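Me: Can you take me through this one? I'd like to start with a single residue and then go wider.

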Amino acid sequence: MEKPRQGFWGLWNTSFGFFGIQIGFALQNANVSRIFQSLGTAEKDLAFLWIAAPLTGLLVQPVIGHYSDRTWGRFGRRRPYFLAGAVLATLALVGMPNAGGLLAAAMLLWLLDASLNISMEPFRAFVGDMLPSHQRTAGYAFQTGFIGAGAVLGSLAPMLLTDVFHVANVAVPGEVPPSVRYGFYIGAAALFVAVLWTVLTTREYSPQQLAAFAENDDGQAVRSDAAPTDRIGAAPLWIVAGALVVAGVGWLGLDKPVYLLGGGLIAFGLAKIASAALVRGGRSGNALSQILADLAAMPETMKRLALVQFFTWSALFIMWIYTTPIVAERVFHSSDANSAAFNEGANWVGVLFAVYSGVATLWAFALPSLAKAIGRRNTHILGLLCGAAGFASFLVIRDAWWLMASMVLVGIAWASILTMPYAILSAALPAKKLGIYMGLFNIFIVLPQLIVSSIMGAVVGHFFPGNLVWAMAVAAGVMTLAAMAMLRVARDA
């Protein structure tokens, strides 16, 4: 058998849940720095407080991918995870703007990001499950369209509430403006309804059908599971490297967030040792050992795309953290989070984010034709270079309206980032392992965010004190490295 080609409504129903998920991400990306600053956080500490989000994704995504590959029941394979994540994310969105302090806000950010990841990760594999290989570029482009539309709504929500419904946009020190609170409430409802739509309007293929499809999907046969090993390999080296990083914090006077990098290296080494011990004890089927075995057995295309993702998402995370204070200071001339000018600037960042998301929504539907003409790889290189130019333009533009041109370039990049790597990757993966490999692939989205959160505060404080705009120059350089790394991917990928 071959998977049936999906029509318009099949593509719509398969991806509509992502509309709601992206509303949640957009509210988070555009407003979390604002919430933290409203609660008294200094600019130099923003990156550290954002660390909850990537750290959560690093832990959650591979685990959810592993188990969603192995789940089958009355409600299907991926859909139970969509719904569970949506319920938790709804609760987190309602709670976050009501956090009583920084600790509560950071914990709710942790819960929000974990919940969004629980829903999002299976959606990436869901497209691969439901569509034949030749239709996946269109499938991921459709998904990107919903991501862009959701991001527009989430990014504009506080400003629309202020300008159209006259909801207050300023609060007393220590409180979040009502426009942000009500925006989060509306986003919570939209997220839940959108995910529920996909859950109720789609029916997943049974394991037997998927196995039959996999054997005939572009000639790709189902591969056997990667075998866990009882060897610890380089585990001691990971632990030593982590210990050196931890020691270096004190020796070199680095910021304390760098401890998390060292701790992560140590934890990975210990995980490999624990996995080897479990295998030697006859328990090779455990999740930890299987995940590490799949990580070691990544296809070559995935390894090369991983480097591209690492650079790409480092640049994006810098943008998300620092756009609000940069625009508020350079364009609206205020760094006081409780001032009307700062909050006007923060609302304008919502507009800018809506612009790049809206451009991505439209550009996504041009990507299948462009990829057919010049190839998936070259399409993505073009998109990444547009993003680098958009970031670099922040150094010379001080006009609020002209920043929209910057975001048009970022939107072209964003459409490609959300579409092309997944279209390329899905063709290189065994069908029965789509969940785990999509989850592992997201490590290379999350890991750079973790690193940026750990060190970018120190970089900004040391090299760019009082001149945050140079963080965008760093983002432009890193995005250019992503385009260069894409040259290592096969031309016909």
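**Burial, a patch and a pocket**

Reply: This is a predicted model. S275 has a relative accessible area of 5%, so S275 is buried.

Me: Which helix is S275 in?

Reply: S275 sits in α11, the helix that covers residues 258–280.

Me: And what is S275 in contact with, leaving aside neighbours within four places in sequence?

Reply: With those neighbours set aside, the contacts of S275 are T229, L288, S289 and L292.

Me: Switching to pockets. What volume does the largest pocket have?

Reply: About 1200 Å³. Its lining counts 38 residues, and G264, F268, L292, L295 and I443 lie nearest the centre. L292 is also one of the contacts of S275.

Me: Which element gives the most to that lining?

Reply: α11, with 11 residues. The elements that each supply at least two lining residues are α4 (52–70), α10 (235–252), α11, α12 (287–296) and α19 (443–463).

Me: Now the surface. Which residues form the nonpolar patch?

Reply: L83, V87, L88, L91, L111, F192 and V193, with about 540 Å² of accessible area together. Two or more of the patch residues come from each of α5 (79–95) and α8 (178–201).

Me: Which of the elements gives the most to the patch?

Reply: α5 does, with 4 residues.

Me: Take L88, then. Where is it, and why does it count as partly exposed?

Reply: L88 is in helix α5. L88 counts as partly exposed because its relative accessibility is 34%, and partly exposed covers the range between under 20% for buried and over 50% for exposed.

Definitions and conventions
Residues are numbered from 1 along each chain as its sequence is written. This is a predicted model: local features need pLDDT of at least 70, side-chain atom pairs count only at pLDDT 80 or more; totals for chains, interfaces and linings use all residues. Side-chain values use heavy atoms; hydrogens and water are left out. Buried means under 20% relative accessible area, exposed over 50%, partly exposed in between (1.4 Å probe, protein chains only). Contact means heavy atoms within 4.5 Å. Patches are made of residues with over 30% relative accessible area and no salt bridge: like charges are joined within 9 Å, nonpolar side chains (Val, Leu, Ile, Met, Phe, Trp, Tyr) within 5 Å. Accessible areas come from the Shrake-Rupley method with a 1.4 Å probe; for residues, only the protein chains shown count as cover. A salt bridge is a side-chain nitrogen of Lys or Arg within 4 Å of a carboxyl oxygen of Asp or Glu. On a 1 Å grid over the protein atoms alone, a cavity is a set of points where a 1.4 Å probe fits but cannot get out, and a pocket is an open set with protein on both sides within 12 Å along at least five of seven lines; lining residues have an atom within 4 Å of a point. Grid points are joined across faces, edges and corners, and a volume is the space filled by probe spheres set on the points.
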